[in-house]
Amino acid sequence: NLVLNGSAWTRDAETTVTVTGVRYKLNDFKVKLTNDYIDLSQAVVTDPLGNTADVTGGLRHDMMKDLALELRIQSPRILGIDLPKSDEVVFYGRGIGSADVRFSGLTRNPSLLVNATTANGTRVYMPLDQSTNVDEESFIRFVQRDSMGNIVTKSRKLEKSGINLEL
């Protein structure tokens with residue numbers, strides 16, 4: 001029986017979150033490995049603008065099969081969306097602000113739960129002149145407050161194949 005129990009160091013690691021279009025760099029950090037968990041809690045994510053976010057959690061697995069995300073990334077200021085205008089996206093633009101992002105589910109069908117507040121420099125566009133097929137269970141919810149502080153909510157459902165995204 002193979003037993004995984006140890007650690008490894010990452011160097012010059014990068015990843016792109018395809019649905020948001022942002023490429024992030026990770027600091028050089030120690031990864032802890034066991035038979036069922038890859039702990040990424042020492043990672044710090046840096047966006048292309050130099051903003052950072054802290055990572056907690058990791059990946060559950062069964063001897064490196066059936067990888068499941070259990071990650072949380074938090075930052076007071078981070079680039080969260082950087083998508084060019086195209087016929088293939090429901091929204092586009094650049095979004096920057098505070099973020100609390102949770103990744104869960106199997107890596108082949110991940111879920112993202114994003115709680116974010118935009119900051120200066122955010123420009124996100126959602127064209128209303130095109131029709132889109134939507135999935136009843138997936139949506140984006142933008143929250144805005146009126147002059148009395150009440151939440152004004154507008155929802156638009158969307159389907160991104162293989163990803164459940166909630167903003």
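Contact here means heavy atoms within 4.5 Å. The views below show a predicted model.

**Figure 1. Thr20 in the loop between β2 and β3.** Thr20 sits in the loop that connects β2 (14–17) with β3 (22–26). Setting aside residues up to four places away in sequence, Thr20 touches Gly80, Ile81, Asp82 and Leu83. Its relative accessible area is 12%, and the limit for a buried residue is under 20%, so Thr20 counts as buried.

**Figure 2. The whole protein, for orientation.** The protein has 14 strands and zero helices. Of its 167 residues, 32% are buried. Among contacts with a separation of 6 or more, 46% are between residues 24 or more positions apart. The accessible surface of the protein is about 11,000 Å², and carbon and sulfur atoms account for 48% of that surface.

**Figure 3. The hairpin of β9 and β10.** Strand β9 (residues 92–106) and strand β10 (residues 111–118) run antiparallel and are joined by eight bridges. Four residues lie between the two strands of this hairpin. Within the pairing, Asp100 stands opposite Asn115 in β10.

**Figure 4. The largest nonpolar core, with 23 residues.** Tyr24, Leu40, Val55, Leu71 and Phe103 are the members that touch the most other members of this core. At least two core residues come from each of β3, β7 (52–62), β8 (65–83), β9 and β10. The largest share, five residues, is supplied by β8. In soluble globular proteins, nonpolar side chains tend to be buried together.

Figure 5. Leaving out neighbours within four places in sequence, Phe103 is in contact with Leu69, Glu70, Leu71, Ile73, Ser111 and Leu112.

**Figure 6. The salt bridge between Arg11 and Asp28.** The structure holds six salt bridges. In one of them, the side chains of Arg11 and Asp28 meet at 3.8 Å, N to O. Arg11 belongs to the loop between β1 (5–9) and β2, and Asp28 to the loop between β3 and β4 (30–34), so the pair ties together parts 17 residues apart in sequence. Arg11 is exposed, at 63% relative accessibility, whereas Asp28 is partly exposed, with a relative accessible area of 39%.

**Figure 7. The salt bridge between Arg23 and Glu14.** The side chains of Arg23 and Glu14 meet with an N to O distance of 2.7 Å. Arg23 is partly exposed, with a relative accessible area of 43%. Glu14 is also partly exposed, with a relative accessible area of 38%.

**Figure 8. Arg108 and its salt bridge with Asp66.** The closest N and O atoms of Arg108 and Asp66 are 3.9 Å apart. This pair links distant parts of the chain, with Arg108 in the loop between β9 and β10 and Asp66 in strand β8, 42 residues apart. Arg108 has a relative accessible area of 60%; the limit for an exposed residue is over 50%, so Arg108 counts as exposed. Asp66 is partly exposed, at 48% relative accessibility. Leu69 is 39 residues from Arg108 in sequence, and the C-alpha atoms of the two residues are 10.0 Å apart in space.

Conventions. Residues numbered from 1 in each chain as written. Predicted model: local features only at pLDDT ≥ 70, side-chain atom pairs only at ≥ 80, totals over all residues. Heavy atoms only, no water. Pairing = 2+ DSSP bridges. Buried < 20%, exposed > 50% of the residue type's maximum accessible area, 1.4 Å probe, protein only. Areas by Shrake-Rupley, 256 points an atom, 1.4 Å probe, with all protein chains shown as cover. Core = buried A, V, L, I, M, F, W, Y, C linked by side-chain atoms within 4.5 Å. Salt bridge = Lys/Arg side-chain N within 4 Å of Asp/Glu carboxyl O.
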